[in-house]
Amino acid sequence: MEGYKLNTGATIPAVGLGTWQADGSPCQAAVAAALKVGYRLVDCAHLYGNEREVGYALSEAFAGGLKREEVFITSKLWCTTGAPKRVAESVQISLKNLGLTYLDLYLLHWPVLAPLGDATDPPPRAADMMKKPLRRLEETWRAMEKLVEQRVVRAIGVSNLTVSQIQTILSFCKIVPAVHQAELHPYWRQDEMVKFCQAKGIHLLAHTPLGIPGRRLEVAPVGEEKSQESQAALLPSLSRSRSVHAPMLKTTTIKEIAERLNKTSAQVILRWGVQRGTSVLPRSLRPDRIATNFDILSWSLSDEDWNAVNSMEPQLQLIEGNHSYLQDSALQAVEETEDNEVLTRKKQVRQKRRKARMAVRCKCFDELRALI
């Protein structure tokens, strides 16, 4: 299978299956279908709350003859478990749920360290927290580096960082991130980010390469000219929708290329990402779409078509640092890491604060009574 060499010497496949927003048995069935088609990269995260289901599918595939070393498995450290002492515990939870003895890649899910139990994806105050000193982030990265030394994970990386944040990690790291997983698609190309990472030998792994299922952009139908007014109207029109199709699948540019090449719109976008030098992580629960999304390695886009996709406007980030897309399974995943010791410590802190507030109130009341 086509892939890319990481700075560790390992090869990461060009196409993988994303498992975000996939729950229960449908997730297990999707992973099983993907492995049968030929996928050899499965992207997971503890927060997704479905690593057990992914593990069941992997176990069945291994029993059927697939070898562990033939599959590239990724998981992520959630920001509420980023305390250095909890990093080793967190990766062991993922390994247990997945039924594995090691991970091929372990990513820092978001570049923030939120209070334990703050089950938001990303945290609600992420924008503010990112501006704070990254001392704890350095400590967390050191703990992740130890996982590589212990061979618990084969490589470590980051996710959803800015160029400046990656530069900060590069300033203190012993192990350079092997991968940066980021939102990358025609409407959010992040050209400077891509150039920077490629120059530093950090491979790009594109999450949500087709946009976010359940969200849409109003776009001009095929054959209609896009005026300045319609371009401007495109920016604020991100909205909730029952449609599972991402916005760029219906744009004029993509549809015209797809029809001419007898491909799906999704295939055109994914192929654009692969030709850009990034791995892509399409997500689907339907076996037919899982298969067609994988069928992008035996053909290519012409320079003209690739440039047409690569110049699509406007640029619009779909996942921002102050929005939540959590489901119940993700809440359960965070609760799984919150042990009794931490809960007890948090309770004690709350009690001390409550007593301090009461003491202040009583003092104020006594002073007021003395004046009367």
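Two strands count as paired if DSSP finds at least two bridges between them. The model shown in these views is predicted.

**View A. An open sheet of 8 strands with parallel pairing.** The strand order is β3-β4-β5-β6-β7-β8-β9-β12. Strands β3 (17-18) and β12 (279-280) form the edges. Each of these edge strands pairs on one side only. Strands of a sheet pair through backbone hydrogen bonds, either parallel or antiparallel.

**View B. The pairing of β8 with β9.** Strand β8 covers residues 179-183, and strand β9 covers residues 203-207. The two strands run in the parallel sense and share 5 bridges. Glu 183 stands opposite His 207 in β9.

View C. Helix α6 spans residues 163-172. Its buried residues are Gln 165, Ile 166, Ile 169 and Phe 172.

**View D. Cys 27 and Cys 44, without a disulfide.** The structure holds 0 disulfides. A disulfide needs two cysteine sulfur atoms within 2.5 Å. The cysteine sulfur closest to that of Cys 27 belongs to Cys 44, and the gap is 7.6 Å, so the two are too far apart for a bond. Cys 44 is in no disulfide either, with the sulfur of Cys 27 as its nearest cysteine sulfur.

View E. The cut-off for buried is under 20% relative accessible area.

Definitions and conventions. Residues numbered from 1 in each chain as written. Predicted model: local features only at pLDDT ≥ 70, side-chain atom pairs only at ≥ 80, totals over all residues. Heavy atoms only, no water. Helix = DSSP H or I, 4+ residues; strand = E, 2+ residues; numbered from the N terminus. Buried < 20%, exposed > 50% of the residue type's maximum accessible area, 1.4 Å probe, protein only.
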